[in-house]
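Morning, everyone. I will go through one model today, starting with a single residue and ending with the pockets. Please have a look at it first.

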Amino acid sequence: MTRRTLAREVATEGVALHAGTSVRMTLAPAEPHAGIVFRRTDLAGRNIAARYDRVTETRLGTVIAENGASIGVIEHLMAAIAGAEIDDLIVTLDGPEPPILDGDALSYLRLVGEAGTADAPASREVIKVLRPVQVEHGDARAALHPSEARQFDFEIDFSSAAIGKQKFQWTFSRDGFETEIAPARTFGFVHELDALNKVGLGRGASLENTLAIDGDKILNAELMRFPDEFVRHKILDAIGDLALAGAPIIARFEGRRSGHVLNNQLLRALFADAANYSRVTLD
């Protein structure tokens with residue numbers, strides 16, 4: 001019921017997924033009610049709050065920007081932070097993205113475990129969804145429904161036989177997140193990589209951190225941890241994107257072929273009408 005931060009500072013270094021450069025990242029304890037804050041040491045220590053209304057790009061990852069600085073591809077780290085139920089944290093980077101590490105959330109979760117957690121003498125707040133909220137685009141949609149638990153119901157359908165149609169339903173727990181969701185790696189299509197590289201994206205993607213799909217084959221299938229890893233990773237992304245609400249959302253999330261774009265639009269729709277939700281303080 002109390003707010004949680006890290007017990008001590010912890011750091012790691014690795015390649016950025018899109019920029020392809022080496023980035024050093026430090027996770028550090030923060031004061032109660034600070035929330036999750038990103039800091040760019042290479043840009044005079046400018047801070048960016050991890051909030052849905054700071055999101056400026058969702059095409060190939062979630063990007064937040066503020067004070068003339070931006071941070072990209074934050075969803076995997078935010079998922080790990082939410083999965084560990086961390087409320088207050090300072091994320092310091094000397095580059096434009098967190099290091100991609102293994103392309104999952106488990107790598108970040110292990111960092112949190114290395115640092116340990118500490119409870120603060122302050123109450124947690126949750127956001128309870130009171131009525132259904134839905135956004136859609138074409139055949140993709142995302143919705144939040146009232147629920148007494150944090151539930152996720154996702155379905156994807158790709159033309160590639162390597163993925164096909166996958167469904168997964170899951171109810172949040174810290175232990176369940178670590179074993180069932182956090183290990184699921186990101187994925188991408190080989191035929192898109194050249195085009196991404198030409199516009200400065202995907203330069204840090206490799207067969208070690210990304211499940212690579214070429215036609216109907218997975219080139220590095222030996223890295224897979226689940227037969228339905230793709231839909232599990234989509235839930236991972238949704239957890240990270242929804243964490244930008246600033247507090248845990250108590251609701252059933254439903255995703256159908258949705259991604260970062262609709263995840264952010266869903267939060268904006270939720271908070272556009274105060275009748276959609278209630279902020280509840282846990283004592």
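Which residues does His18 touch, leaving out those up to four places away in sequence? The contacts are Leu60, Val73 and Glu97, and then a run of Gly200, Leu201, Gly202, Arg203 and Gly204. Keep in mind that this is a predicted model. His18 itself sits in a loop, the one between strand S2, residues 10–15, and strand S3, residues 22–29. Buried or exposed? The relative accessibility of His18 is 11%, and the limit for buried is under 20%, so His18 counts as buried.

Next, a sheet. Three strands form an open sheet in the order S6-S7-S8, and the pairing is antiparallel. At the edges are strand S6, residues 55–57, and strand S8, residues 69–71, each of which pairs on one side only. From one strand to the next, the twist averages 40°. Between S6 and strand S7, residues 63–66, there are two bridges, and these two strands run antiparallel. For Glu57, the bridge partner in S7 is Val63.

The largest pocket holds about 990 Å³ of space. Its lining has 38 residues, and closest to the centre are Arg59, Leu60, Phe187, Gly188 and Glu192. Leu60 was also on the list of residues that His18 touches.

Which elements each supply at least two residues of this lining? They are helix H1 (75–83), strand S13 (151–157), strand S15 (187–189), helix H4 (190–198), strand S16 (211–214), helix H5 (229–242) and helix H6 (260–271). H4 gives the most, four residues. By type, the lining of the largest pocket divides into 17 nonpolar, 14 polar and seven charged residues.

The second largest pocket has a volume of about 590 Å³. Here 32 residues form the lining, and those nearest the centre are Ala243, Ala245, Gly246, Ala247 and Pro248. At least two lining residues each come from strand S4 (36–40), H1, strand S10 (117–129), S13 and H5. H1 has the largest share in the second largest pocket, with three residues. The lining of this pocket divides into 20 nonpolar, four polar and eight charged residues.

How values were computed. Residues are numbered from 1 along each chain as its sequence is written. This is a predicted model: local features need pLDDT of at least 70, side-chain atom pairs count only at pLDDT 80 or more; totals for chains, interfaces and linings use all residues. Side-chain values use heavy atoms; hydrogens and water are left out. Buried means under 20% relative accessible area, exposed over 50%, partly exposed in between (1.4 Å probe, protein chains only). Contact means heavy atoms within 4.5 Å. Two strands pair if DSSP finds at least two bridges between them. Axes are lines fitted to C-alpha atoms, for helices over the stretch in contact, and angles run from 0 to 180 degrees between N-to-C directions. On a 1 Å grid over the protein atoms alone, a cavity is a set of points where a 1.4 Å probe fits but cannot get out, and a pocket is an open set with protein on both sides within 12 Å along at least five of seven lines; lining residues have an atom within 4 Å of a point. Grid points are joined across faces, edges and corners, and a volume is the space filled by probe spheres set on the points. Ala, Val, Leu, Ile, Met, Phe, Trp, Tyr, Cys and Pro count as nonpolar, Asp, Glu, Lys and Arg as charged, and the others, Gly among them, as polar.
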